[in-house]
Amino acid sequence: MGMKIDYTVAERFLKYVKIDTQSDPDSDTCPSTEKQKDLGHLLVRELVEMGVSDAHMDDHGYVYATIPGNSDKKVPTICFCSHMDTSPDCSGKNVNPQVVKNYNGKDIVLLNDKTQIIKTTEHPSLLKQIGNDIITTDGTTLLGADNKAGVAEIMDAANHLVKHPEIKHGTVKILFTPDEEIGRGADKADLKKLGADYAYTIDGEELGHIENETFSADGVTISIHGVSTHPGFAKNKMESAIKIAGEIISALPRYTMSPESTEKKEGFIHPVSISGGVEETKIQFIIRAFEEEELKMQETFLKNIAVMVIKKYPHSTFDFVVKEQYRNMKKILDKNPQIVNYAMDAMRRAGVEPVLSSIRGGTDGSRFSYMGLPCPNIFAGEHAFHSKHEWVSIQDMQKAVATIVNLCVIWEERS
Ligand SMILES: [Zn+2]
């Protein structure tokens, strides 16, 4: 079934990336940066102009909107979700996007910093884009395709549904979140108010990819309590928490169980920060694995290292605190296989071969899935995100728009 869509996704995208929405992990407020609301206000205005009259942003910077259903059938309420913030790892100020029309398969030298080159050897996906139109940065900032490509795609699909009442669909919800890049995108999402049965984040990379599996993730803090004395009179008394921490870190495996030695379905133990002094030193870790048993096994492994090290220091102790971060969404999604199956059919209908894959990370959707809203991740077409080499193809974005529209149609057809 072919569907003609008057695409406005590229124009929308080029407008959204010019708004700086960088989030800030050191801020305690929500949104973490007030400027994220600049994009939120624009999206609300555009949705209302389209005719999506209940569109609004709450105090936390979340944008909610409803496209009412027009079917006589009882169709589940589906939500599409993207995040508005960009990564704190790379500047998102004064983004100056460049369009490379009819891409020729060569390396792309970026306009305002010629040392920044997007090489096909480093980004082999580019070779699938010959003849397409690629949007890049000017070499001085990130692009923000992560996740404004998804935002633009959802906006364009919404526009298409509203302009074409002959397309039958159930109630469609839209949710744009702040602060995903700092791991807080789901924190203040009001899922009760949203009222969706199932959701899709549009925040994936390669054309055709759908991710139904994420890491399961915990944070671990080891606080070491040593013994501090005057260093001139410390013989047989001092037990430095700094040195104990150093021993724990150096006892970690180097060629296994670390980010730099693992891939695919392997998990890891990763020290991310260390702070303190002779009296007390804290080490923070992130622990990642696809299976929860492996996650727990790694935590036990880490704890055993600390126990072994501390034995040499009779007057020192340590605390070992585990904090759950998120869980692999697959467990939830497997209970409702149609969520992923319909998305794969929606891609096929858009002429895209679906590829089911897993993410070595988490998404807002992994949190939503455990908050009662099952939510896999669909490609948005974003590549090399969090960097100056970030790029997206206009044709991939259009395929994502068609996938969203088709997905609404398929849920109606099969209800
Ligand atoms: Zn993202």
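In this predicted model, the zinc ion has as protein donors (N, O and S atoms within 2.8 Å of the metal) His83 (NE2), Asp146 (OD), Asp203 (OD) and Asp203 (OD), which lie 1.9 to 2.6 Å from the ion. Water is not among the atoms, so sites may look incomplete. The donor residues follow the sequence spacing H-x62-D-x56-D. His83 belongs to strand β3 (residues 78–83) and Asp203 to strand β9 (residues 198–204), so this pair ties together parts that are 120 residues apart in sequence. Strands (E, at least two residues) and helices (H or I, at least four) are DSSP runs, numbered from the N terminus.

Helix α3 (residues 145–163) packs with helix α10. Their axes, which are lines fitted to C-alpha atoms over the stretch in contact, come within 9 Å and cross at roughly 50°. The two helices are therefore oblique to each other; angles under 35 degrees count as roughly parallel, over 145 as roughly antiparallel, 65 to 115 as roughly perpendicular and the rest as oblique.

Helix α1 (residues 9–16) also packs with α10 (residues 394–413), at an angle of about 110° and with the axes 9 Å apart. That makes α1 roughly perpendicular to α10. The contact (heavy atoms within 4.5 Å) involves Val9, Ala10 and Phe13 of α1 together with Ile394, Met397, Gln398 and Val401 of α10.

Residues are numbered from 1 along each chain as its sequence is written, and side-chain values use heavy atoms, with hydrogens and water left out. Local features need pLDDT of at least 70 and side-chain atom pairs count only at pLDDT 80 or more, whereas totals for chains, interfaces and linings use all residues.

Note on methods: Axes are lines fitted to C-alpha atoms, for helices over the stretch in contact, and angles run from 0 to 180 degrees between N-to-C directions. Donors are N, O and S atoms within 2.8 Å of the metal (3.2 Å for Na, K and Ca); water is not among the atoms, so sites may look incomplete.
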